[in-house]
Amino acid sequence: LSTSHTRKGYALLHKVFSRLPADRYQLWVVGDQRPRSSPTLPNVRFVGFSQQTERWLTAADALVHPALYEPFGPVVSEALACGTPVMISTFTGAKELIGPSDGLVLPPNEPQKWEEALRRFSPQSFQPSQDFVERHHLSVSDHVEKLLSHWE
């Protein structure tokens, strides 16, 4: 899920998916269209903007998010709330919440490590907790309560 492909690490994903077999590895990008400077790959699909992010996250084997800069990245907690494991970069603020059952945290500028992680990845290796949002106090009501407590 991306509306800023450069910041979200699409260049790394393009490089990685160009090396992966198209019949086994598919990248679906929901959000902005393909960058014009980026060649088309047979295993990368741009589906455009969608308000049904939960549907996409639930259908995915993983959220792959090699962000170059992501202060928190609600998409990470949204994926985990859907039971979808994550592969995120060390430059994602939400990395502090990721436990071994939630997914992997990788360096953002090392395509070889991302490729190796994808080749070894198995969704069955991870079991994100269904109470991820509640356990980490990430619900809308928790957020509003925190805002109000700072205002008072």
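Mentor: Let's settle elements before anything else: helices (H or I, at least four residues) and strands (E, at least two) are DSSP runs, numbered from the N terminus. By that rule, E115 sits in helix 4. This is a predicted model, so local features need pLDDT of at least 70 and side-chain atom pairs count only at pLDDT 80 or more, while totals for chains, interfaces and linings use all residues. Residues are numbered from 1 along each chain as its sequence is written, and side-chain values use heavy atoms, with hydrogens and water left out.

Trainee: Why does E115 count as buried?

Mentor: Buried means under 20% relative accessible area, exposed over 50%, and partly exposed in between (1.4 Å probe, protein chains only). E115 comes in at 8% relative accessibility, so it counts as buried.

Trainee: Which side chain does E115 join in a polar contact?

Mentor: That of R19, at 3.1 Å. The term asks for a pair of N or O atoms within 3.5 Å; within protein, one must be able to donate a hydrogen and the other to accept it, and residues adjacent in sequence count only if both atoms are side-chain atoms. So 3.1 Å passes the 3.5 Å limit. Leaving aside neighbours within four places in sequence, E115 is also in contact (heavy atoms within 4.5 Å) with V16 and L20, as well as R19.

Trainee: And why does D32 get a label of its own, buried, exposed or partly exposed?

Mentor: D32 has 33% relative accessibility, so it counts as partly exposed. D32 belongs to the loop between strand 1 and strand 2. Beyond four places in sequence, D32 touches S2, T3, S4, H5 and F46.

Trainee: What makes up the largest nonpolar core?

Mentor: A nonpolar core is a set of buried Ala, Val, Leu, Ile, Met, Phe, Trp, Tyr and Cys residues joined through side-chain atoms within 4.5 Å. Here the largest has 21 residues, and F17, V44, M87 and L118 have the most contacts inside it. Helix 1 (10–19), strand 1 (27–30), strand 2 (44–48) and helix 4 (111–120) each supply at least two of its residues. Helix 1 gives the most, five. Another core lies apart from it, with eleven residues, including L57, L80, I88 and I98.

Trainee: What does V44 touch?

Mentor: Y10, F17, L27 and V29, not counting residues up to four places away in sequence. Helix 1 has Y10, L12, L13, H14, V16 and F17 buried, and their cover includes strand 1, strand 2, strand 3 and helix 4.

Trainee: Where is the centre of the largest pocket, going by the residues nearest to it?

Mentor: By Q26, L27, W28, A60 and A62, out of 28 lining residues. On a 1 Å grid over the protein atoms alone, a pocket is an open set of points where a 1.4 Å probe fits, with protein on both sides within 12 Å along at least five of seven lines; lining residues have an atom within 4 Å of a point. The space in this one is about 740 Å³, and strand 1 gives the largest share of the lining, four residues.

Trainee: How many residues line the second largest pocket?

Mentor: There are 13, with S77, L138, S139, V140 and H143 closest to its centre. Its volume is about 280 Å³. Helix 3 (74–81) and helix 6 (140–151) each supply at least two lining residues.

Technical notes: Grid points are joined across faces, edges and corners, and a volume is the space filled by probe spheres set on the points.
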